[in-house]
Amino acid sequence: QVQLVESGGGLVQPGGSLRLSCAASRSIFSIAAMGWYRQAPGKQRELVATLTVNETTNYSDSVKGRFTISTDNAKNTMYLQMNSLKPEDTAVYYCNAKVLVGTVILNYWGQGSQVTVSS
């Protein structure tokens with residue numbers, strides 16, 4: 001089992017930056033993949049960025065070039081650096097961890113962090 005605790009959301013003006021953090025309760029080396037998802041009001045949850053254990057990254061087209069996913073293995077923490085923020089980035093952001101147990105992938109989620117981009 002993995003507990004994920006998020007921090008770092010808030011209100012920022014368009015063009016600004018924020019960094020989200022997601023602290024895991026166990027070594028992230030034991031996690032097959034981690035990522036960030038977001039859900040805007042009235043919309044489905046969507047993938048923002050993912051990072052696998054072999055350090056392969058994947059970004060949605062809407063954030064590519066502006067957001068960066070990374071980890072600090074010593075702190076068991078994943079980050080999402082968000083630059084050049086736009087109003088359409090406003091959403092609740094969730095961190096995700098996928099743990100492989102045998103042939104089954106278990107999904108764990110953080111509590112969610114509100115990011116609001118507005119002037």
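I am working with a predicted model, in which local features need pLDDT of at least 70, side-chain atom pairs count only at pLDDT 80 or more, and totals for chains, interfaces and linings use all residues. Residues are numbered from 1 along each chain as its sequence is written, and side-chain values use heavy atoms, with hydrogens and water left out.

Entry: aromatic pair. I looked up ring pairs (Phe, Tyr or the six-membered ring of Trp, centres within 6.5 Å; planes under 30 degrees apart are stacked, over 60 edge-to-face, the rest tilted). The structure holds 1 aromatic pair. Y37 and W109 make up this edge-to-face pair, at 5.2 Å centre to centre and 70° between the planes. Y37 is in strand β4 (residues 33-39) and W109 in strand β10 (residues 104-109), so the pair ties together parts 72 residues apart in sequence. Strands here are DSSP runs of E, at least two residues, numbered from the N terminus.

Entry: accessibility. I used relative accessible area with a 1.4 Å probe, protein chains only: buried is under 20%, exposed over 50%, partly exposed in between. Y37 is buried at 14%, and W109 is partly exposed at 36%.

Entry: R45. I checked for a charge over a ring (NZ of Lys or CZ of Arg within 6 Å of the ring centre and within 35 degrees of the ring normal). The charged end of R45 sits over the ring of W109, 4.6 Å from its centre. The charged end of R45 also sits over the ring of Y94, 3.8 Å from its centre.

Entry: L100. I found L100 in strand β9 (residues 91-101). L100 is exposed, at 52% relative accessibility. Its C-alpha atom is 9.1 Å from that of A33, 67 residues away along the chain.

Methods. Helix = DSSP H or I, 4+ residues; strand = E, 2+ residues; numbered from the N terminus.
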